[in-house]
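Biologist: Hello! Could you walk me through this one and tell me what the words mean as we go?

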Amino acid sequence: MAISLKWINDFVDITNEDKIELANKITKSGINVEKVTTTNIPNLVIGHILECSMHPDSDHLHVCQVDVGNATLQIVCGASNVRKDLKVIVALPGAILPGDFEIKKSTIRGVESNGMICALFELGLEEKIEETYNKGITELGSDAIVGENPLDYLGLNDTTYELDLNPNRTDCNNHLPFAYEVAAVLGKEVKEPDISFKEINEDVNDLVKLDVTTNNVSMYNLMIAKDVTIKESPDFIKQRLEVAGVRSINNVVDISNYVMLEYGQPLHFFDKDVVGDAIVVRMAQDGEKIITLDKEERDLTKDDIIISDGKTPLCVAGVMGGLNSGITDNTKNILIEAAIFNPYNIRYTSLRLNLRSEASLRLEKPLSYEYCLKALKRACHLLEKYADAKIVKGIVTYDKVDKKPKVVDVTLQDTNAILGMELTNQDIKNILTSLGFAYEYKNDTFKVTIPNRRQDIYLQKEDIIEEIGRLYGYDNIKPTLPKITTKKGEYRDNINFRKIISKRMRSLGFNELRTYTLIGEDEKDKYNYNFGTTIKLNRPMLKERSYVRQSLLSSLVDITKYNLNKKYNEVLLYEIANVYWEENDEYMEDTKLAFTLSGNYLMNTWNNNVYKMDFYFIKGIVENILDFLGLSNRYSLELSSNLPKEIHPKINSEIIVDNEHIGYFGKLHPSITKEDIYVCEISLTKLINHKTNDVKYQEINKYPVVEKDVAFIVDKDTPSIEIQKDIKRAAGKLLTEIKVFDIYTGDKIDKNKKSIAYNLTFEDNTRTLTEEEVMEKFNKIISKIIEKYHAELRDK
Amino acid sequence: MYKDKIEEINEELKSVFTNIDKEQTLENIKVEYMGKNGKISTLNSMIREVPNEEKKEFGMAVNNLRNTFNELYSKIKEELENKEINEKLNNEAIDVTLPATYIPVGAAHPIERIIETLENLLMSMGYDVVEGPEVEKDLYNFELLNLPKGHPARDAQDTFYIKGEEYLLRSQTSPVQVREMLANKGERPIRIICPGKTYRRDEDDATHSHQFTQMEGLLVDKNITLGDLKGTFEEVAKKLFGSGRETRFRPSYYPFTEPSVEMDISCFNCNGKGCNICKGTGWITVGGAGMVNPIVLKNCGYDPNNWNGFAFGFGIERLAMLKYGINDIRVFYVNHDLKTLKQFNRREY
């Protein structure tokens, strides 16, 4: 799709404009010209072959003497159709043909050649196919004037613009609306196309009856053109359609496309003799069928608008015609439709049927009723001129369009206040005039009438001010800062908490990741720790991205494995992200912190000072975070049997803060991986609710402390934490610290037993403890543990 | 007699301290002379034999002897100690050129780095950082933003819908603005930025990602101009891409702003001359913005006759790609190689 400037020149005089500069001006005004292409090739001239003889050293080359106006040149030519007296296209030395092929003076098999006689395909103006190749060089008519530009003679000299448009201005992909933009930046006037024609003395209302039974049509017009001659289109229509990327079919079909590319209003031509004398526009019924032009049977729904002859569907409105009602080589009489439908229905239908055509794309946007009527008449004009049509008098119309003019009040003050520019009233007047917007200036106010062709402009002053601003030029805006109160910005809600945790994780050595929220069927139930109902997308793009995840671990574990495969020795990764699920018809959100680790900590490549990260390491990370948050003594980390199946049942912990379960950590189950990978996932949303107080300084104890060591032999599966709790309970306040300093299992004790050695610290920060009172507590501890765990004391 | 003895010891002291290389030898000498039965200590017992008038002289001579000994002893002692330390130092020598132990400190994700840079700048300009849900209502993501159902601009943002069409994965962070305006009930000025994840039905390739990150800003107050937006944008551009950047606005279209603009910076690579990065134009588009459309203000409870403001939005991946010279957006989400991540383990600015 491109805009032909030759076509534009029909509406605005741009003959003397520099086409590149013009493109820049238009782009600056907000209509983005993405690419400028010109067919003009310098150093092409019309030549006349005065003499043509065989090359002395070749069986197919000819040596020609060619008159190019100011000289007669000798040119060697290999085409089979080259002959004396022919008028041809000559590329002189210096001409650059497509593919950066520069024509130079040369010697071909000993004969001097001063240029090249060309075919259109060699100039990039025709496709290079067998047919064009076999035609040989392009033969110009005898009326071609020697020395002049052959592309001008052929009408092929054009510059085209490819546009990258904002969705509100797709009308500019049509020539007349684009011409208005050209006129606006140049301050020129637009001359609209000729829509005049003669009418024959028959009334269209006698020939066709229209019935519209749906509210999804705002305007529907029919006219009739009789006795058309179907033939090839004139060259200018063919060339212009080609620029726009539309294939030429015949004069009648081409005219409907040509008018669409002019106004942006799609037309539909029916064979009047096939459709009969009744047209009914209605919504289809569910299950109704139509065979469309492409011979496909289509199922219709109640949201599709159709055109019918009162019985069967003839056409899916705005999307595609039916198989039998369209224009054929035998068509004599044409029923011309120009309509505006509800864009939503057109969009729905074309998307559902996967039929997105130039017509449907235009009908998906709001259209101008003025252009709708003009396009209808323009088609009649062209059919009369290029298809010998006789136009039947009158229009059959269904019309629900609100035609009240849209008038907006704009003042200079408003304009400058919003744009931050310094325009004058005269500037505004000039711009409104160049845009072709009618206005009245009264009491310091512009009463601007929005032209019907500009369906994108909403009835509010800002829309007009934007038009003024974009044409005045945004380069004129002076940068300022808002004149408002100074205040300090801050992180709201839980963002700061998340950032603090994130920084802590990095300081502990973890690298931050961002992985996808969307996961696949296979992953959606992994690491299921109290999951709710998983959210599924209606229309996923990929199976692997069709569910909203509830755990970050699946992705993190994949990346951990990836990095272990890459032989990285130390892998520490974390991610903080929101997860979502459904609960009682509501969507719930939780901010998760997940991290994984594997390999060695504090690595050195050449000595063995490494710590292989294990369960106690990840436990240390968890405790580090909780202690950092001031939650010491408020959490417990205990083996759980309720964790996801991906977690090792014997090497894990549930994280419980103030009796609330906030997450878990552990080693990955051997069925998931053979590597030692440890993972953790915590709900930050829950964690943040456990508030803590500020640091309160405590004076360091000045009195001596007493330390005692004791080792118990207990059953192997006795959790140390239980023993510690009992020690604490038995000892009371004087016991301030319990350290495990040795674990032993082995030959020296029963194989179902283990020995745990504790180092106990007793102190009181108000006095020196006596040996007797410490021993009393110590003995109490020993007897309690022996009694409760059937423990034995281990001799040192 | 005693004089001979003293002279004899004096002579001995001149040579006895030579060639001592062990501390033990030195200590033996100390015992030999200064020990209980040492040669110097025992001189004292000779005092009885010294005539009275010479006793003082004798005392001084013995004292001198002692002092001489101690001086020599200390000197040698210090020499020996120095020698020992020097030996120890030599023995402790290591190859300091061997590789260091790696101290693991993690890196922030490049997306997070850009977000925090912008947050820090804009918070200093009074913007609060606000977030909102990624599973969002169509109402907030589209309808109230002047994007009713069937609106052509919804085309550009093919959306992941959930359960009917009432809910979706937000296609932009603008719904956070809507929520903020509704929460303030048209009563208070607003200055926020909202960074966050967004989702569109794009096929993942080098320049498209179905999940990406936006940061939008919203300022609602009184008498705000497009010039204020431009000034604000200049601050952002300079913060991210250096003080030499020039900025420009180009007309654009967003349903939620009127007028709407594209925000460009002069190319940081070629300084506007034209290169690969700016595709020869000398300018790079880094975001979209505009004056808040009065329809949106009205929809969200603000009377457009009393309030106006601007909104702007940046694609964080795009900024990060430009800033760090990354040419494949998937680097941010897949191929999470530690070698990639660790490149971002250093400070900037």
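Modeller: Gladly. This is a predicted model, and chain A is divided into domain 1 (3-39 + 159-186), domain 2 (44-154), domain 3 (199-399), domain 4 (407-476), domain 5 (495-687) and domain 6 (706-793). Between the C-alpha centres of domain 1 of chain A and domain 2 of chain A there are 34 Å.

Biologist: How many residues of chain A are in contact with chain B, and what makes a contact?

Modeller: Two residues count when their C-beta atoms lie within 7 Å. By that cut-off, 77 residues of chain A are in contact with 70 residues of chain B.

Biologist: Which element gives the largest share of the side of chain A that touches chain B?

Modeller: That is α15(A), with six residues. Elements of chain A that supply at least two residues each include α10 (343-352), α16 (495-507) and β35 (586-601). By residue type, this side of chain A divides into 34 nonpolar, 21 polar and 22 charged.

Biologist: How do you know that β3(B) and β4 of chain B pair?

Modeller: Pairing needs at least two bridges. β3(B) and β4 (residues 167-169) of chain B have two bridges in the antiparallel sense, so they pair. I162(B), for instance, has Y167(B) in β4(B) as its bridge partner.

Biologist: Which strands stand at the edges of that sheet, and why?

Modeller: The open sheet has three strands in the order β2-β4-β3 (chain B), with antiparallel pairing. β2 (135-137) and β3 (161-162) of chain B each have a single partner strand, so one side of each lacks a neighbour in the sheet, and these strands stand at the edges.

Terms used
Residues are numbered from 1 along each chain as its sequence is written. Chains are lettered from A and ligands numbered from 1 in the order in which they are written. This is a predicted model: local features need pLDDT of at least 70, side-chain atom pairs count only at pLDDT 80 or more; totals for chains, interfaces and linings use all residues. Domain bounds come from an automatic or database domain assignment. Helices (H or I, at least four residues) and strands (E, at least two) are DSSP runs, numbered from the N terminus. Ala, Val, Leu, Ile, Met, Phe, Trp, Tyr, Cys and Pro count as nonpolar, Asp, Glu, Lys and Arg as charged, and the others, Gly among them, as polar.
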